[in-house]
Amino acid sequence: HWAAAAAAAASALVVGANAAAAEAVVPERRATAVNVRFEVPAQTGTNIGAQPNATYESYGVYGVDVHAGVTYNKFDILASANLGVDSSKIRVKLVVFDIRSEKKECPEIEPFDWMPSPFNGEEIDVTAHWNLPLDTTFNSFFSVMFPRAGMYRLCYTTGEPGTDWYLLGDDTGPGIFVVGALSRLKAEEKVWCPLSPMQAMYAAEKLCLSEPTRRGCQCMGKIEGRKRRQEAPYDFMPLGLPDAADPEWRVWVTDMGKDCGEGGAADPNPLEVGVLPDGYEGYQRVFNYQGYEVHNFGMSYNPEPGYTTFTGSIGTFKLCYCSGLSMDGLGLTCDYTQQADYPQTIGRLVILGVVTTEYELVVYPTLRFDLYICCGSQECVGRNQGEGACSEEVGTPRYKIVANNPYNDYLYFESESGCRTAEQLETFSTGSKIVGGHLGPDNCNGPADCHHLPFVPDGCSSGVPCADQRTKPTFKGVQIDASFDNMVQMRAELDICYCDDTCTDPLNWFKAGHVS
C-alpha cells in the first residue's frame with residue numbers, strides 16, 4: 001500500500017508539472033495603461049495656451065481642448081504604467097467619445113478616413129511624429145492635427161504579442177475636445193450662391209441698393225461646429241447661440257490652389273476684400289442662430305467706390321475657418337490680414353449659374369434645349385476657369401423648373417426656401433391666360449421626386465468620379481411650353497431649382513438660376 005501510494009503521488013506530481021508547463025506557454029495578457037491623461041503644451045508665439053488634463057464637472061468628463069486645423073507641436077499621452085515602448089509597433093486611432101454608441105469595441109472600430117497620422121490607426125512614421133525616447137509612462141507625438149470638430153477618444157495598442165486594441169481611460173475620459181467647424185459625419189461645407197438673382201436684382205430694379213438685406217442680394221453660408229462655452233458650466237456646445245463666440249469667429253475665402261493657414265500675412269489683394277467693411281449699412285459679417293453661424297460673403301456688384309468682389313462671377317473658392325485664433329500672438333483674433341489665423345479647411349463656396357444651349361438664358365416655347373448648371377466653373381460658358389464643385393457621382397444631380405417666386409431666392413439652408421417645397425410647373429390656364437410650364441422630358445412626380453438624369457459624358461460611368469459633371473451637370477432635350485394672355489404669346493420668367501445629392505430630401509433643393 002505504501003508503494004502504491006508513493007507511485008500515485010509521483011504520478012500526480014508529473015501531471016501537475018506538465019499542466020503548469022502547458023499553462024506557462026500561454027502568452028500573458030499585458031495590462032492596459034493606468035491613470036491615463038493627455039497634455040498639449042502651449043503653441044509658442046500664438047494665443048493657444050497649454051492644455052493640461054482638465055475636468056469639466058458639469059458633465060463629469062475630462063480631457064484636453066484643441067483647435068481644428070492647427071498642427072500641434074506636441075501631444076503627450078501620460079500614464080502611471082503600461083504604455084508601449086516600441087515606436088514601430090504602437091498604433092493609435094481616433095474614435096468618438098461615446099464609444100458605446102457605436103456598439104463596438106476598439107478592435108472592431110474602423111479609423112476615420114479623414115484623420116491623418118499619427119492617430120489614424122496605421123504605423124507611425126518615427127521621423128514625422130514620434131518624440132523619442134518612449135517609456136511605459138510617457139508617449140509623445142509631434143505634428144498632430146485634428147481636421148474636424150467634435151468629442152473624441154483614443155484607442156491604443158502596444159502591438160506586443162498577446163495584446164489588442166483598447167480604449168485609453170474610462171467612460172469619463174480622457175477626451176479630445178476639438179473646437180471649430182464641421183463634424184465627424186460631415187466631409188465639408190458647400191456654400192451655394194446663385195449668381196443670377198444677385199445680378200438681376202441689382203441690374204434690373206436696383207433692389208439691393210435700397211434694400212441690401214433682401215434675400216438674394218448677399219451671398220451667405222451656414223457653418224456648424226463645436227466650441228467651449230465661455231462661462232460656467234463650460235460645456236462643449238454647438239456654434240452660434242446661446243453663447244455666441246466673442247470676438248466672432250470668421251471664415252477666410254481663398255483660391256482652391258492655396259492651403260488654409262499657409263504663410264503669415266495676407267496676399268496683397270485677398271479675396272475677402274469682397275466682404276464689406278464693418279459698419280456698412282445693411283451688412284454684417286457673422287449672424288448667430290441657435291446651433292450655427294451664418295457668414296456673409298458680400299454682394300455681386302460694386303455698391304461704393306473702391307469695393308471689389310469675388311462673388312461677381314461664377315467660380316469655386318476654398319473656405320478656411322478661424323476658431324478664435326491669433327497665430328502671431330499679438331492679441332487680435334481672426335485677423336483678416338493674417339492667413340495663419342484660418343488653419344481649418346471647411347469646404348467650398350460655389351458661385352453657380354444656369355445657361356442653356358449656346359450660352360443663352362433665353363429659351364423658346366416647345367423648342368428643345370440643353371440645360372447647363374454652371375457649377376462653380378465657367379467651362380459651360382466656354383472658359384476654362386474654376387474647377388467646379390458639383391457631385392462627381394454619375395446620375396445624382398437633379399433639376400426642376402418652377403414658377404418664379406421671391407421665396408426661391410431664400411438662402412440654400414433656410415427652411416423658407418421655396419425650392420424645397422415647390423412643385424415643378426406644369427402648363428395650366430386661368431381665365432384668358434395660359435401659363436406655360438415644363439413640357440418634357442418626363443421629370444418630377446413631386447417636389448423632391450425628380451428623375452430626368454443628367455447627361456453622362458464620354459469616359460464617365462457609375463461609381464467613377466466624373467469631372468465633367470463636377471463642372472457642368474447637363475440635362476438634355478428640355479422643353480418649356482408657351483404662355484399666353486388673351487391669345488397673345490407672353491414672355492415668362494421661370495426659376496431653376498437644383499439638387500446636388502440625396503435629392504429625395506427636400507432640404508437639398510435650392511435655386512441655381514432662372515431662364516426667360
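**View 1. Strand β10 and the strands beside it.** Val95 stands opposite Arg153 in β10, and this facing pair belongs to a stretch where strand β6 (residues 91-96) and β10 pair in the antiparallel sense over six bridges. The model shown here is a predicted one, in which local features need pLDDT of at least 70 and side-chain atom pairs count only at pLDDT 80 or more, whereas totals for chains, interfaces and linings use all residues. Residues are numbered from 1 along each chain as its sequence is written, and side-chain values use heavy atoms, with hydrogens and water left out. Strands (E, at least two residues) and helices (H or I, at least four) are DSSP runs numbered from the N terminus, and two strands pair if DSSP finds at least two bridges between them. β10 also pairs in the antiparallel sense with strand β12 (residues 175-181) over three bridges, and there Gly150 stands opposite Val178 in β12. Two bridges join β10 to β11, again antiparallel, with Cys155 opposite Leu167 in β11. Seven of the eight residues of β10 are buried (under 20% relative accessible area, where over 50% is exposed and anything in between is partly exposed, with a 1.4 Å probe and protein chains only), so β10 is largely enclosed by the rest of the structure.

**View 2. Thr158 in its loop.** Thr158 has its place in the loop between β10 (150-157) and β11 (166-167). Is Thr158 buried or exposed? Thr158 counts as buried, because its relative accessibility is 10%. If its neighbours within four places in sequence are left aside, Thr158 is in contact (heavy atoms within 4.5 Å) with Asn82, Leu83, Gly84, Lys89, Ile90 and Thr163.

View 3. The peptide bond from Ser117 to Pro118 is cis, with omega near 15°, and Pro118 is found in the loop between β6 and α2 (126-129). A cis peptide bond also joins Gly173 and Pro174, where omega is about 5°, and Pro174 lies in the loop between β11 and β12.

**View 4. An open sheet of four strands.** The four strands of this open sheet follow the order β24-β25-β30-β31, and their pairing is antiparallel. The edge strands, each of which pairs on one side only, are β24 (428-430) and β31 (488-490). From one strand to the next the twist averages 30°, with axes taken as lines fitted to C-alpha atoms (for helices over the stretch in contact) and angles running from 0 to 180 degrees between N-to-C directions. Strand β25 (residues 433-435) is joined by two bridges to strand β30 (residues 483-485), and Ile434 stands opposite Phe484 in β30.

**View 5. Positive phi at Cys334 and Asn486.** Cys334, found in the loop between β20 (315-322) and β21 (344-356), has a phi near 50°, a positive value in a residue other than glycine. Asn486 is not a glycine either, yet has a positive phi of about 55°, and Asn486 is found in the loop between β30 and β31. Cys334 is buried, with a relative accessible area of 1%, whereas Asn486 counts as exposed at 56% relative accessibility.

**View 6. Aromatic pairs.** What describes a pair of aromatic rings? The distance of the centres and the angle of the planes do so. Rings of Phe, Tyr and Trp (its six-membered ring) pair if their centres lie within 6.5 Å, and planes under 30 degrees apart count as stacked, over 60 as edge-to-face and the rest as tilted. By this rule the count comes to 23 aromatic pairs. Phe112 and Trp114 form a stacked pair, 4.7 Å centre to centre with 15° between the planes, and both residues are buried. The rings of Trp192 and Tyr498 have centres 6.4 Å apart and planes at 65°, so this pair is edge-to-face. Because Trp192 lies in strand β13 (residues 189-194) and Tyr498 in strand β32 (residues 494-499), the pair ties together parts that are 306 residues apart in sequence.
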